[in-house]
Structure formats: structure tokens, C-alpha cells
Amino acid sequence: MTLGHDLTAWFSHLNETTGVNFTIVYDSYDRARFLNGLWLTLMISGVTIAGSVLVGIVGAWGQMSRLRWVRGIVACYVEFFRNTPPLVQMYFFYFGLSALLPGTRNSLGFEKPLINGFTWACLSLICFAGSFNVEIFRSGIEAIPSATTEAAESLGFTRLQTYVHVILPLALRVCLPALTNNLVNLVKTTTLAYAIAVPELLYVSNQIWSDNENVPEMMLVLFVIYIALVGILVFAMHAWERALRRPGLGT
Amino acid sequence: MRNKLAYLGLLAGALAIFGTNVAQADELQDIKSAGVLVVGVKADYPPFGFLSPSGANIGIEPDLAANLAQRLGVKVQFVPVVAANRIQFLQQGKINLLIATMNDTPEREKIVDIIHPNYYASGYNVLAPKSVKLTSWAQLKGVPVCAIQGSFYNKDVGEKYGAELIAFTGVAEALAALQQGRCDAFLYDNTAIEGELTDPLWKAYDMPLPTLGEQPWGMAVKNGEPALASFISQASEDWAKTGYILSLETKYGIPHSAYAEQQHDKYKA
């Protein structure tokens, strides 16, 4: 408690004496909104990482389908979301698609949108990163020798069983480095949610530096936090990669 | 040797003083001899400075500029400016005068010559559907309110009145969000809201709250142009005296602002 008090007093003193102004340490209003922003960034990152990996796995399965229309849908999805800027997608979902959906009425009788900014941000980021993940999983799948698939078939595995129990586990090991890359990109892309007023880290930092004119300090804080976030993600992915390693597969 | 240098220094100093003197005496004269007054105005801030369907600069501020040009007996030429470049345009001599919804602040007083008396003032208010029935700022507690990222009054409204701010990067996004019902009100400059309200698109909306945080606007010329500055200052006093600003408000269909009325009362005596 006293340590916390000393720390806020020290940062307050730092501002008074040098003008280096870290309001998020000693101003309770700024601290509260900054921590909310950090929490929201973690939420968006977590939800979109899980969602986009799932989309990648399902999409890659769809690409191998015997039905032409399933392959067509997956191809359209990948081309659409891989070839358009994520910011445009986010605006399209939030302002464009949202206007076409029915709304709900609130207590005052106003029409309110059904889906809030946070959900739209997650949906659009899942679609964006998911389209890359489909291709990443495909690259892993194509690295598996066809003899392996044939061996599974001759043992009586169905197509789904072959995918889930044989191809996917092997493909995952091959494509993990590329997947890590894409997920790192995804965590950084969560900052785009600020364009649709989702109060994540960049949004709250922007508010804080407009109110206090402390742009350099907040930029520094943002850099350090994103380096830490991405560092933790990369560390976890590498640990997973090592745990999954099978001698003789890949390098 | 040292003497020679001292003389050279004196000479250079004298030339510099002479040079600036010439420039000082001349900007008003230059305008008259060139026959044109170049004025920086906004092009995206109806009704203060905006574009007509044919692309001409129109609005209250272009009208003020035209009034000054008429007093000088010269033509007026407009250069569209935005907040981020307007002072630089003035300092670089791209424009003679700036009339661009600029707040008069001590920092700006240092780098350009802001004309007194101030000609207008703005504060902040909300644009809200008439059915929301707002009468006091305290009612905004917990209410979703759209805003513009970086506005200096966001923190006040969030902290003091407990509004739940949803801030966007641009005005168009915030207005779209208001129309889609993502917020119950839009927090912005009262002057800009009055401008929006002249558009029939917003006929189901109004600006129900008392305007807060009012700050004066100032026209500006380059530092060190006393002749031009005093000429414009005279005109500004004249506008206050005759109620010219009030008549322009009527012309562009916005209600009389408290500030313009105060200035009129003060100077007509």
C-alpha cells in the first residue's frame, strides 16, 4: 500500500519537476480507463486468436472437400478477406452491414443496433486473420506426403477421421512458425478497433494524450506494452512448438 | 580588424531593421496596390466556412472577409485551410489574413497577431434527437454519447457528468453512429452543431443543453503588421457596433449567439 502510494507520489513529483507526465500512474481516472483499455485489448486478442485458428482449421478442411460449392465458398471467403484492408472491413461491418440488420428498441423506444462495437471488431478481425490462417493450414496440409493419407485410408479411417487424427496434427507442426507470425500480426491489428470507438489500448491512450498533452510518454507506454504482449505470445507459441516436436518430421 | 567587424555588424543590423520596417509598413499597402486580399477560411465548417454547390467559398467568415475587402476597395481571394495548417499558411505569407474558426489562446497570441475585439466564440453542446428530452448535463450520466477523438472537452463531460463517450476519428463517422442509434447524443462544438441543424437531414434533432466552456475566436495577421492589424481591429469593432455578425447569423439561419449579442450590447453604447 505504502509502496503504491510512494510510486504515485514519485511519478507526480517527476511531472512537477521535469514535465515527464505519466498520468496513468498517479491520476486515478486515467489509470482506470487505461487498465480498462488493456483488459479490452487482451479480450479482443484472446477471442480473435481462438476464433481465427478455428476458422483456419475448418476452412482448410473445406478446401479439401469433394463438393465443388464448398471449395468455392472457402475460396471466395479467402480472396475477399485477404485482399481487402482490415480497416475497410471493420468500417464495412460496423457501419455498412450493421445498418442492414434489424435493431432492438431500448427503454426510451429508440432503435438500437443489435451488435455492439466490440463484437463487430472481433468478428471482422476473426474474418481477416482467419482467411490467412486457412492458407497457412493449407500449406501445412500440402506438406504431408499423400502416402500418409493413403495409409490412413487403408486402415479404414473416414475422410474426417483422417483429417482430425492424422493430417491436422502433422500439418499443425509444419505450419506453426507461419501461424505464429500471423497471430503476432493479429494482436497488433487489434488497434484498428479504435476506428470504431472500441475503447482498447490505442483508443484510451489517444484520449489520455489529448487531455494531458503527453504524447511521447503515452507512445512509450504503448510500445512497451505491445512488445510485452507480443513477447508473451511468441514465447508461448515457441514453447508449444517445442512440446509438439516429433523427431523426423520437418526440421 | 575588430572595428571593421563591428561596423559590418552594425550595418547588417541597420539593414535588417530597415528591411523589416519596409515590410511592416507595407502589407496593408501591398494589399491595396495588388488589389487583392488573400484570406484563409474553412471549407468544411458550415455555416462559418463551407463550399457552395458550384465550389465557391461561402459562409459567415467568407462574408466577413468580403466586407473587409470592400472597405479596402480590393477584391477578395479565398484559400481553404484546416486547423493543422492555418497558422503556417499565415506565417509563410500564403495568406494576408486568417478567419477560420480559430480559438484565441495565449500560445497562439505569441506566434501570430490575433485581432481584438474577438468576433465570435464557441463552446460545446450536444446534438440529440428531440425525443431524448435533455434539459441538463447531469442527465447524461451513463448515457452513450458520440464524440470526436482528441476534443479537449471529452474528459470534462466524461468525468464531471459521467457520460459514456464513444469517440470517433471524424465527424462523418460520429454522425453516422448517431443516426444508427449507437449513441443518444453527439458532443461537439456548439457552432458546428448549429450549422448541422440548418440541414433538413437533422430536422428531428436539436441542441437542447446550455452551451458550456465558451472560448472566443480571433482573426489573425502576421506578427509585426500594425497598420493591417489596426485596420481589421477597427472593422471588427464596427461589426460589433452595427450588429453585423448578428445579421450574418440570421442570413445563414442560425440562432443569435450569446457572445455576438454581448459584443453588440457592449459596443453599440
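Predicted model: local features only at pLDDT ≥ 70, side-chain atom pairs only at ≥ 80, totals over all residues.

Residues are numbered from 1 along each chain as its sequence is written, while chains are lettered from A and ligands numbered from 1 in the order in which they are written.

**A helix pair in chain A**
- Helix 3 (residues 28-63) and helix 8 (residues 159-189) of chain A have axes that come within 11 Å and cross at roughly 140°; helices here are DSSP runs of H or I, at least four residues, and strands are runs of E, at least two, numbered from the N terminus.
- On the helix 3 side of chain A, the contact (C-beta atoms, placed from the backbone, within 7 Å) involves residues including Ser45(A), Ile49(A) and Trp61(A), and on the helix 8 side residues including Tyr163(A) and Leu186(A).

**The largest nonpolar core**
- This core has 122 residues, and Leu127(B), Val145(B), Cys146(B), Phe186(B) and Leu187(B) touch the most other members; a nonpolar core is a set of buried Ala, Val, Leu, Ile, Met, Phe, Trp, Tyr and Cys residues joined through C-beta atoms within 7 Å.
- Helix 6 (residues 117-142) of chain A gives the most to this core, 13 residues.

**A loop residue**
- Leu101(A) sits in the loop between helix 5 (86-100) and strand 1 (104-105) of chain A.
- Leu101(A) counts as exposed because it has 9 C-beta neighbours inside 10 Å; exposed means 12 or fewer other C-beta atoms within 10 Å, buried means 20 or more, and partly exposed is in between, with C-beta atoms placed from the backbone.
- Leaving aside neighbours within four places in sequence, Leu101(A) is in contact with Leu114(A) and Ile115(A).

Conventions. Contact = placed C-beta atoms within 7 Å. Axes fitted to C-alpha atoms, helices over the stretch in contact; angles between N-to-C directions.
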